Amino acid sequence: MNQHKKEITLLKGNEAVAHAAIRCGCDGYFGYPITPQSEILETLTELEPWKTTGMVVLQAESEVASINMVYGAAGCGKRAMTTSSSPGISLMLEGISYLAGAQLPCVIVNVMRGGPGLGTIQPSQADYFQAVKGGGHGDYKMITLAPASVQEMADFTVLAFDLAFKYLTPTMILADGIIGQMMEKVVLPPYQPRRTEDEIKKECPWATLGKPADRKPNVINSLRLEAADMEKLNLLLQSRYREIEKEEVRFEEFDCEDADYIIVAFGICARICQKTVQLARAEGIKVGLIRPITLFPFPTKQINRYADRVKGMLTVEMNAGQMVEDVRLAVNGKTIVEYYGRMGGIVPAPDEVLIALKTKFSNIES
Amino acid sequence: MNISDIINPANLVYQKTKVMNDTPMHYCPGCSHGVVHKLIGEIIEEMDIQDKTIGIAPVGCAVLAYNFIDIDWQQAAHGRAPALATAVKRLLPDRYVFTYQGDGDLAAIGTAETIHACNRGENITIIFINNGIYGMTGGQMAPTTLKGMKSSTSPHGREVPINGYPLNISNLLAQMEGVCYVTRQSVHTMGSVRKAKKAIQKGFENSMLNKGTSIIEIVSTCSAGWKMTPAESNNWMVENMFPEYPMGDLKNI
């Protein structure tokens, strides 16, 4: 195989995650079927990476078991991941909190569907709060990446592992049912071998690989019985989150420099709103778009930069208005921030968003 | 003869295993945990597998097992130890991986993880401490609490119409094809300690033979939770726990 030749292939977002995981040296995948993301487990079992890279793929008995298997694997310094959809992620939150508390790196993919409850299998973005505000118990954060294409499903799988190990934190890819299900051209990442045990020992001196005579036991743990010790752990985590906020903000902007109005949208909504921007500009309304790629860390400063220059901002979300709170915090009252969204699995259309923009900002003159 | 003639390596017949460290134990007088910890430490030393063993600690009194046994440990969420052990063993198949779990951890909140790890035949060793009570949280009713047995949440005794029956999970696990070894032991006499040690060692050895899961249930005392002296606890265990949870192998393939 010519490694230098770009391999372009047509894949579903879910399939791209599976291929990228194998290619980026993932050691273990543990998952449980749930629509709309079951293709990830299906693709992995079809590809049988245990015969090629040695990657372990296991269908667990539940999401609870899956996330705890990820904990066990991550505790050994291995690159471990799980994937699920909204109700399944709710079941994993205990484990995610433990992973955060134990400072374990791992990748979790949430291909969101409509809720609450059993909800629907149609796409949604209603787990924004759950992903970026904690979700599980205790003060913790997860780096949260929001892909808007199949290409990014592949790219972010690789990136998420790198970030997770850089900051010793669970990292989430917050996708939705459309990104998971739609097919697009994708250039898969190059193969990189799974790390050897010596490499793991070097990168993860804390990993539980068996205690040699010349070091103290390694203990993977989130328990601190002394309150003062627990506060110390919290302070360490918080300082790491501040570093992540400083170093890892990722976003994209389109047509913002001359914009009177800015739409803020992530994931599939950002793709839809690119069309809205075109429609608006065709009518002479100067609209721009900011797409947060990292939802935590949130591009607060990047949004604030435009707060004095625009007449208003509109968040477009497939939920009841969640990210709108973070955009309001970002502009800190300097401009009006409105929300438009659909819920329960309904996807907004570009023209519908334009109508919403005109309605919310009735002073718009085209 | 002076004291240095007596305390002489040549006269040494027994010593604390080096795999146990000097951290003062937090377990109550009469509790079985300390003895079982010591046995695990001795087995690891005798098999010379300290650098190849990874323990999974539970939630419960043994949550701090990693403070006493000098090996690499992972501390699991309540009941999830078999899930952690599954991943550790699958990713490090040449390591000895064991879980150490109480009855609440293994047979209540972690029932699903326990049954499915066993059903997959994970090559792990499960040490199951059954004292019929939640010790750490202050003596609440456990799935293995005996009929009529008092606890802080069954203060008038466990009533079957309200609380159901004592769960004999080892009998259940012994029926599973993925399981190669299930035994029920205790550590209340010198003889029983020696038998328990052999059983635990067998469980460790099995995990390298690709035979499936080994479960060593240790019927144990909780003198603080049972509100008895250590001696009374041992007697009470023999008279009341053993009829419900009889000693011996349930499965040995």
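Where in chain A is A:N221 found?

Author: Happy to. Keep in mind that this is a predicted model. A:N221 is found in the loop of chain A that runs between β9 (219–220) and α9 (227–247).

Now look at what surrounds A:N221. Leaving aside residues up to four places away in sequence, A:N221 touches A:Y71, A:G101 and A:A102, and also B:Y66 and B:Q75. With B:Y66 there is a polar contact: the two side chains are joined at 2.8 Å. The side chain of A:N221 also reaches the backbone nitrogen of A:L223, at 2.7 Å.

While you have chain A in view, here's a pair of helices to look at too. Helix α10 (residues 268–282) and helix α13 (residues 350–360), both of chain A, pack with their axes 8 Å apart and at an angle of about 60 degrees. The crossing of α10(A) past α13(A) is right-handed. On the α10(A) side, the contact is made by A:I272, A:C273, A:K275, A:T276, A:L279 and A:A280, while α13(A) brings A:P350, A:D351, A:V353 and A:L354. Sorted by class, the residues in this contact of α10(A) with α13(A) are seven nonpolar, one polar and two charged.

How values were computed: Residues are numbered from 1 along each chain as its sequence is written. Chains are lettered from A and ligands numbered from 1 in the order in which they are written. This is a predicted model: local features need pLDDT of at least 70, side-chain atom pairs count only at pLDDT 80 or more; totals for chains, interfaces and linings use all residues. Side-chain values use heavy atoms; hydrogens and water are left out. Helices (H or I, at least four residues) and strands (E, at least two) are DSSP runs, numbered from the N terminus. A polar contact is a pair of N or O atoms within 3.5 Å; within protein, one must be able to donate a hydrogen and the other to accept it, and residues adjacent in sequence count only if both atoms are side-chain atoms. Contact means heavy atoms within 4.5 Å. Axes are lines fitted to C-alpha atoms, for helices over the stretch in contact, and angles run from 0 to 180 degrees between N-to-C directions. A crossing is left-handed if the near helix is turned anticlockwise from the far one by less than a right angle, and right-handed if clockwise. Ala, Val, Leu, Ile, Met, Phe, Trp, Tyr, Cys and Pro count as nonpolar, Asp, Glu, Lys and Arg as charged, and the others, Gly among them, as polar.
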